[in-house]
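Welcome! Take a look at the sequence and the model below, then work through the exercises one step at a time.

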Amino acid sequence: MLPIVRLATVEDADVLSRLNYEFNGGDKRPEAEIIGSLNTGNELVAVAELRDKVVGFACAQSSQSFCYAASHGEITEMYVQESARRKGVAAALLAFLEAQLRLRGVGTVKILTGRTNDPAIATYASCGYVKHDEAVLEKRL
């Protein structure tokens, strides 16, 4: 059975909150904040369903700079429940978000993941992503 992937709606706020908690831990995100984020249109949030149950999500953003002719995209989050892994869900989420980003004029897409997250790296590589040796630096403000 192939996953069904679609843009998230406000009706998905509860399941997105639960899935995000499984993925990121910490405090559970309030549904009202998720709904507010979905309504801004700044972020693309996709959900994947198997047998009418949401089993994963992915988020993407696009940006434009005068430095480049085309907009750039980034897949910022991706989570698939353990029971739904190895069933094409992640690849379907990526393909869906890539199509949405292409509609926004995006020419290249970037994904950041942990350097030891071998299953995710293998999935991204199988979908055509090329691993680069870049340093990521972060500063808390």
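**Exercise 1. Find which residues of the largest nonpolar core touch the most other members.**

Step 1. A nonpolar core is a set of buried Ala, Val, Leu, Ile, Met, Phe, Trp, Tyr and Cys residues joined through side-chain atoms within 4.5 Å; buried means under 20% relative accessible area, with a 1.4 Å probe and protein chains only.

Step 2. The largest core has 24 residues, and those touching the most other members are Ile 75, Met 78, Val 89, Leu 93, Leu 94, Leu 97 and Tyr 124.

Step 3. At least two core residues come from each of strand S2 (44-50), S3, S4, helix H3 (89-103), S5 and helix H4 (118-126). Helices (H or I, at least four residues) and strands (E, at least two) are DSSP runs numbered from the N terminus. H3 gives the largest share, 7 residues.

Before you go on: this is a predicted model, in which local features need pLDDT of at least 70 and side-chain atom pairs count only at pLDDT 80 or more, while totals for chains, interfaces and linings use all residues. Residues are numbered from 1 along each chain as its sequence is written, and side-chain values use heavy atoms, leaving out hydrogens and water.

**Exercise 2. Work out what Ala 60 is in contact with.**

Step 1. Locate Ala 60 in strand S3 (residues 53-63). Its relative accessibility is 0%, so Ala 60 counts as buried.

Step 2. Set aside neighbours within four places in sequence; Ala 60 is then in contact (heavy atoms within 4.5 Å) with Glu 43, Leu 44, Glu 74, Ile 75, Thr 76, Leu 97 and Leu 101.

**Exercise 3. Describe the order of the strands in the sheet.**

Step 1. The 5 strands follow the order S1-S2-S3-S4-S5 in an open sheet with mixed pairing. Two strands pair if DSSP finds at least two bridges between them.

Step 2. Strand S1 (4-7) and strand S5 (106-111) are at the edges with a single partner strand each, so one side of each has no neighbour in the sheet.

Step 3. S4 (residues 71-80) pairs with S5 in the parallel sense over 5 bridges, and Glu 74 stands opposite Lys 110 in S5.

**Exercise 4. Decide which residues make the contact between H1 and H2.**

Step 1. Helix H1 (residues 13-24) and helix H2 (residues 31-40) have axes that come within 9 Å and cross at roughly 110 degrees. Axes are lines fitted to C-alpha atoms over the stretch in contact, and angles run from 0 to 180 degrees between N-to-C directions.

Step 2. H1 and H2 are therefore roughly perpendicular, the word for angles of 65 to 115 degrees.

Step 3. Ala 13, Asp 14, Leu 16 and Ser 17 of H1 meet Glu 31, Ile 34, Ile 35 and Leu 38 of H2.

Notes: Angles under 35 degrees count as roughly parallel, over 145 as roughly antiparallel, 65 to 115 as roughly perpendicular and the rest as oblique. Buried means under 20% relative accessible area, exposed over 50%, partly exposed in between (1.4 Å probe, protein chains only).
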